Amino acid sequence: MAPSRKNPFTFLETLEQHVSEHRVSFHVPGHHNGTVTDHTLPSAFAKVMPYDLTELAHLDDLHDASGIIDQAEKALGKLYESKSKWLVNGSTVGNWSMLAATVKRGERVYVQRNSHKSVWNAIEWLGLEPILLTPTIERGTGIPTVVTLETIEQAVQEFPGGRAVMLTSPTYYGDMADIRAISNYLFSLEIPLLVDEAHGAHLIHPKLLQRSAIFEGASAVVQSAHKTLPALTMGAWIHYKEDIDEIRLKHALSSFQTSSPSYLIMASLDYARSYLESLTDEAWSSIQKSHAHFVLELKRAGFTVKVGDDFTKVTVMTYPKNGLVFSEHLASIGIDIELAAVDHVLFCLPLREITKQEIEHWIKLIKKAATHVPIIDEDETIFPFPQTQRVSELYTLIGNEQVQRLSFKQAIGFVSAETVIPYPPGIPWILKGERITEEKIRVLLEWISLGRKLQASKHVMIEQIDVIVEEF
Ligand SMILES: Cc1ncc(COP(=O)(O)O)c(C=O)c1O
């Protein structure tokens, strides 16, 4: 029988109550409320362990929520004016589930070319037929941004019959698409708009210049709460509207997610929601002002700064100096950053007011790290993005194609049988099913020689790649 408790209200309070009762655990997880530990476990970690619970009767079930999880998800939905579900496997599982809920095997989907690898993996394993949408490349910085309405219109005209549009907004760099215009257009065609908003969970305040896509007409939106809110890594959520088949979505979520969802992650999701909810207009204003102050001080210190539509993403353009070396200098004095590239570094700012003292201290350190950063080698590629047509098809692989391993040089002109991903940011440079061009090979060779982190087969590191043997 469930124990009686003093009016537990939130998910976190219920966990707190459970832990305070020092109950006997004859259930998983194997640390049994944190009692199976020894002195080698750091004490802070040991304190957290009892909260790592499981689906006991009064603790609800993520995959069939009707108690405290359902209540917490409803509170989340209220905040985002939608139906919402917690995700314990990151935005990755949200992207898989949005696609599985809306597009069936063999059907067409329009996809932004600079999508995260989770989108490409889902497309491959779900057997979907992608039409690639090239994003706009930002003038000056060369950074790929978002897809325009015109590109989507062209894709729908040239390749009709797609079942969904899958966009990323905001991007890693905080650039946001015109979701209102795009969703209005797609609404008239009854094509659902799915948005990977892994970096946009915090964009809810009505006075923001651009808000989360869920307020702008998207059908489903996935957000990594753990990226921009105070949630534990892997904590994410999905928001969706009436045009999404809820039964299919729930089936996808319970198929792709673990059957043992982490109560720590879920507790942090409930906390992240309540943190966001508790931000007053004044708090929002102080946070934004302090971020703007930090950017101003960076500029005053002589840095060239790009801030996208999302005020929490700050890109420092380091050209002609080497951003990769700059980031090493930053790390050596205790500043760890989100991403470094040859000509820029990306800072993710916290969703809280940054104090004047912090800004002063940080700027001092950043200036120090910027000294003695070498100039970029003449022949290094700055921020390459594959040159493609605005809209194009990806060669759909069924899985029984004949594959051949070729040297990079020989592979030019063939269709790749594998994906190569520079990480971060996790956006494929070569997609399985994409034709290999001279440019792609040139940049790949450069990355390998520079020792850049690539997610790819071992043979790619020795300049070989698997291609499809095409029959003519
Ligand atoms: C744009 C984008 N989408 C999806 C993901 C995957 O998110 P998660 O790590 O929460 O699974 C990432 C992660 O970096 C991302 O940058």
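What percentage of the 472 residues of the protein count as buried? And which residues have the most contacts inside the largest nonpolar core?

A: This is a predicted model, in which local features need pLDDT of at least 70, side-chain atom pairs count only at pLDDT 80 or more, and totals for chains, interfaces and linings use all residues. Residues are numbered from 1 along each chain as its sequence is written.

Of the 472 residues, 40% count as buried. Buried means that 20 or more other C-beta atoms, placed from the backbone, lie within 10 Å of the residue's own.

Now the core. A nonpolar core is a set of buried Ala, Val, Leu, Ile, Met, Phe, Trp, Tyr and Cys residues joined through C-beta atoms within 7 Å. The largest has 90 residues. Leu99, Val165, Met166 and Met266 have the most contacts inside it. Helix H10, residues 263–278, gives the most to this core: 7 residues.

Take Val165 in detail. Setting aside neighbours within four places in sequence, Val165 is in contact with Tyr110, Ile152, Leu186, Ile191, Leu193 and Leu194. Contact means C-beta atoms, placed from the backbone, within 7 Å. Across the protein, 69% of contacts between residues at least 6 apart in sequence join residues at least 24 apart.

As background, nonpolar side chains tend to be buried together in soluble globular proteins.

Methods
A residue is buried if 20 or more other C-beta atoms lie within 10 Å of its own, exposed if 12 or fewer, and partly exposed in between; C-beta atoms are placed from the backbone. Two residues are in contact if their C-beta atoms, placed from the backbone, lie within 7 Å. Helices (H or I, at least four residues) and strands (E, at least two) are DSSP runs, numbered from the N terminus.
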